[in-house]
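Hi there,

Here is the structure I promised to pass on to you. Have a look at it first, and then read my notes below.

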Number of protein chains: 2
Amino acid sequence: METRINLPQNEMPSAWYNALPDLPTPLAPQLDPQTHELLTPDKLSAIFPEALIEQEMSLKRFIEIPEQVKDIYRLFRPTPLVRAKRLEEAIGSKCRIYYKNESVSPSGSHKTNTSVPQVYYNKLEGVKRLATETGAGQWGTALSFACSMFDMKCTVYMVKVSYEQKPYRKILINAYGGEIFPSPSMQTNAGREMLAKDPDCKGSLGLAISEAVEDAATHDDTKYTLGSVLNHVLLHQSIVGLETEKQLQMAGEKPDYLIGCVGGGSNFGGLVLPFLPRKLAGENITFVAAEPKACPTLTRGSFRYDYGDMARLTPLMKMHTLGHAFMPAPIHAGGLRYHGDAPIVCNLMAEGLVDARAYYQGECFEAAQLFLKTEGFLPAPETSHAIRSAIQVAKEAKPGSCVVFLYSGHGMLDLASYDAYLRGDLSNYELPQDCIDQALMMCPTIAG
Amino acid sequence: METRINLPQNEMPSAWYNALPDLPTPLAPQLDPQTHELLTPDKLSAIFPEALIEQEMSLKRFIEIPEQVKDIYRLFRPTPLVRAKRLEEAIGSKCRIYYKNESVSPSGSHKTNTSVPQVYYNKLEGVKRLATETGAGQWGTALSFACSMFDMKCTVYMVKVSYEQKPYRKILINAYGGEIFPSPSMQTNAGREMLAKDPDCKGSLGLAISEAVEDAATHDDTKYTLGSVLNHVLLHQSIVGLETEKQLQMAGEKPDYLIGCVGGGSNFGGLVLPFLPRKLAGENITFVAAEPKACPTLTRGSFRYDYGDMARLTPLMKMHTLGHAFMPAPIHAGGLRYHGDAPIVCNLMAEGLVDARAYYQGECFEAAQLFLKTEGFLPAPETSHAIRSAIQVAKEAKPGSCVVFLYSGHGMLDLASYDAYLRGDLSNYELPQDCIDQALMMCPTIAG
C-alpha cells in the first residue's frame, strides 16, 4: 500500500472553493469601524486591491486560479497526503490517520497558498510594496517568498516575543529580500504609542496588524495583506481541502474527522470548507478545531462584533473573540495568539458545525515529539495542536474511522521552543476567566 | 508539462546498486593502519557490524534493500525530481535544469538514505548505541533520526566550528533522543589531547571521526558509523541515482550532466554511480563534482594512501587527500570540510571519469540566493556548490542539454551562514599551496 498519496500535478485544482454561498446562515456583514454602519467596498480600497475586495464579498462558488499563481503553486503543489502508520501503531490506534503535508512549501507552511495570489493581485494593480504582520513568522516568511517571486517590496512587522524567540525568521525574510521590524516598532504611531506606555511590551498579533495597516494607509504605493481571518484568505486556502478530497478518493477513503489548528482559522478553514457541502448533505464528517488553552477563542470567546486589531483600524467583524485589547501570554505557538477568528469559521461554530477543543502547550509538544519519533518530521508548535487533537480523536473514535489532520508547517525555525520543552521549561498556562471578562468589556456594543 | 516528477511509491527501487564490480580499474584495497598490510574483515568488526563489512567488500552488482529499511524510506521516498524552470529563465539558459530534491527527508538531507540501513544492520546484530561525527550537522541529525526510528541510543561528535554556528542542530538531535558533544570534546583521548595542545581548536571532521571511532572501540555495546567516504555508504546512496534514472525516463530525458557537491563524496556518488554502466557503455554523460576552493580535495589533493582521520585509527584508503593532519578553514559548508574523499569517487577521478571543479564560498552563496529567489527553497551551504556548478554548466553546455544536479539538503538550520553572507561578512578563502604541501608530508609513504 502507498503511504504517501501524490496527486499528479495536472490534477491540481484549477479553481478555489468559496464557502460563502453555502453557509447555512449568511455571514454577518463587516461594519465600518467608525460609524458601525455597513461597510462599503470602497472603504477597503485604501488598504486592499480591488480583486481581493471582490473575492472578499463574492458569492461565486468557484473562482478560477490565475495561470501565474498556478505556476508558483507548482513549485511545491500538489502537496502529499500521508498515512501516519507509525504514529497509529505507537498509540495503538484502530483508526487510520492521514496528514496533509503543507510543510513542504518553500516557506515551510500553508501560508504560501494565500501569499502568492495576494501578491499577484496587488502586482496587477500596480502596488509596489506590501506591509503585513506576522506572529510566529510563518506568514511573514510566506509573504516575503511570494514578493520575491513577483519582484515586489515587502515589509513585515513581527510580534516581538516571536521575533526574539526565532532569530532565523529575520534572516530568511531578509534573504528573500524583505525587511522586518519587531512589533511594537518605532515605524508607526500605533507602535510608538505602545512603546511609550510599555517599553518592554512583547507585542501581539492585534498590535502588529495595527502597525502594518497604518503603514499601508499612510503610503501611496503600499497595500496591506493579511495572512488569515478574511474570507479571501480562506478562499485561497481551499486548495488544501480540494486536494485532500481528491487524494482521499485515490486512497479509497471517506473522512470521518478533519482536524486543523486554529489561530485566525486559515489552515483549518482551508482544509474543512471544501467538505462543507458534503457535511450539509448529510455525510457524517466532524470538523475538529484545535486551539491553545492560553488563547481559547472558539471554546471560550464571545460571539459578537469586534475589531480585528488592537488600534481599531480594521472593519468590525462578527466572530468569537477574547476582545481586541486582549494581550495573549507568550506561548510558543505564536501563530495561534490571536484574539479573534475567521468570521466564516465562527459562523460554522455558531451553527454547531465545528467541534472546538483547547489544549495545554505541554501536551501539544509531547504530541509533536511523538510525531517526530514515529513519522520523523519536526512539526511547528502551531501544528502540534492538530497532532495532539488527532491523537485524542483517534483514541476516542469508532474503530475503523478515517482521521485526517492538517500538518500546517514544519518547526525547523522553532527549535528554541523545543529546547524549552526538552528542558522542562514550558508553562501550562490556561487563560483565567477574569482576563476574558475584562478584555471583552472593551468591545463595542453592536446588535446582531 | 509536469515540473515535478514524482515516482510512484511502488516503483521505489528494491535494491541498491554497487559500483565496485563495474569500476574500470579495481579499487585499491584498504590497508591496516598499523602494519600497512591488506586489511582483513575481522579488523573492522571492532567498530562495524558484519553486514556492513560484507557490503563494504561485496562484488554483487545489486543488493536487496531490507523491508524494514524500505518502510522507513517510505516516510519520505521516492523524492521528487524537479524542473527548475524559473532558475533556467533567470540565467537565460538554453539547457533544461533538473534537481533531485533530497532535502525533503525528515532530517533535511540525503544522509538519511544511509543512516537508516546502518542503524538497521547494527540493531540486527545487537548493538545498543551508535557513535559518530558530524560536520555541518546533516549526518548527525540523520543518524539521530534513524536511531529514533529503531529505538537505539546515539552519540554525536560535532565539529566545534559548526556546533557553534548552528545551535539548532543540537536541539534537533536532542529532540530525536540523541546526545551531542562539540569536538574536540573531553569524552575521548583524541579530544583531550587536542584540547591540551589548543584549547581554542575549532575541530575538523578528521578529528571528530577519531573521537567517535575511539568511543566505539572502547565501549562493548557501541559501534561506529560513518556518513560518507566508505563503499557501503555510497551503496546506500545509490537509491538517489536509481530513482533519478527512472524519473528522467518518465520525463523523456537523457542526462548530459550529473552534478553533485563533494565533501566525502556520498551524495555525488549516490547520484552518478548508477549511471556509470551507461557512461562506460559510451553514453555521453559528464559527472561534475563541485567542491570548495578552501578544501579542494579532488582538484588539488594528492592521489595516494592516507588515513581517514586525524588520529590515524581508520584503515588506510587510496584517495585524493590534502593530508589527514589538514585542518580546513571554518567555511560555512561544514559538510565539505574533509581532507579526503570516497575511494570509489577518487578511483573514477583518477580514470578521468569525473570533471571536478572548485568554487569560492561567496559565489556559491550567490547561486544559493538566486535559487531561493527563483525556485523558492533555501539550500544548504554544501548544496549551494552544486547549484553554482549547475549554473556554470548550463551556461557553457551545448543548447538543449539536460543538466541534473543533486539538491542534497535544505538550509533551514544554516541561516546564520546566510546572515554572514547578507552582511557581506564571508571570506573568499582559497587554500594556499604550502598548506597542502605541509599536510601531505605527514602522509605515510605506501606504494600502489
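Before going on, a word on the ground rules. This is a predicted model, in which local features need pLDDT of at least 70 and side-chain atom pairs count only at pLDDT 80 or more, while totals for chains, interfaces and linings use all residues. Residues are numbered from 1 along each chain as its sequence is written, chains are lettered from A and ligands numbered from 1 in the order in which they are written, and side-chain values use heavy atoms, with hydrogens and water left out.

**The sheet in chain B**

Strands (E, at least two residues) and helices (H or I, at least four residues) are DSSP runs, numbered from the N terminus. Two strands pair if DSSP finds at least two bridges between them. In chain B, seven strands form an open sheet with mixed pairing, in the order β1-β4-β5-β15-β10-β11-β14. Its edge strands, β1 (4-5) and β14 (354-359), each pair on one side only.

Let's follow β11(B), residues 286-292. As background, strands of a sheet pair through backbone hydrogen bonds, either parallel or antiparallel.

Why is β11(B) described as largely enclosed by the rest of the structure? Because six of its seven residues are buried, where buried means under 20% relative accessible area, exposed means over 50%, and partly exposed lies in between (1.4 Å probe, protein chains only).

β10(A), residues 257-261, pairs with β11(A) in the parallel sense over five bridges, and Tyr257(A) has Thr286(A) as its bridge partner. On β14(A), residues 354-359, the parallel pairing with β11(A) covers six bridges, with Pro292(A) opposite Tyr359(A).

**A buried charge**

Glu133(A) sits in strand β6 of chain A, residues 129-134. Glu133(A) is buried but has no salt bridge (a side-chain nitrogen of Lys or Arg within 4 Å of a carboxyl oxygen of Asp or Glu). Its nearest side chain of opposite charge, Lys111(A), is 7.6 Å away; Lys and Arg count as positive and Asp and Glu as negative, with His and the chain ends not counted. What Glu133(A) does have is a side-chain polar contact with the side chain of Tyr224(A), at 2.8 Å. A polar contact is a pair of N or O atoms within 3.5 Å; within protein, one must be able to donate a hydrogen and the other to accept it, and residues adjacent in sequence count only if both atoms are side-chain atoms.

**Where the chains meet**

How many residues of chain B are in contact with chain A? There are 47, and they touch 47 residues of chain A (contact means heavy atoms within 4.5 Å). The area buried between the chains is about 3900 Å², with 59% from carbon and sulfur atoms; this is the accessible area (1.4 Å probe) that two parts lose on being put together, summed over both. Between the chains there are zero salt bridges, but 20 residue pairs are in polar contact (both at pLDDT 80 or more). Helix α8(B) gives the largest share of the side of chain B that touches chain A, six residues.

Happy exploring!
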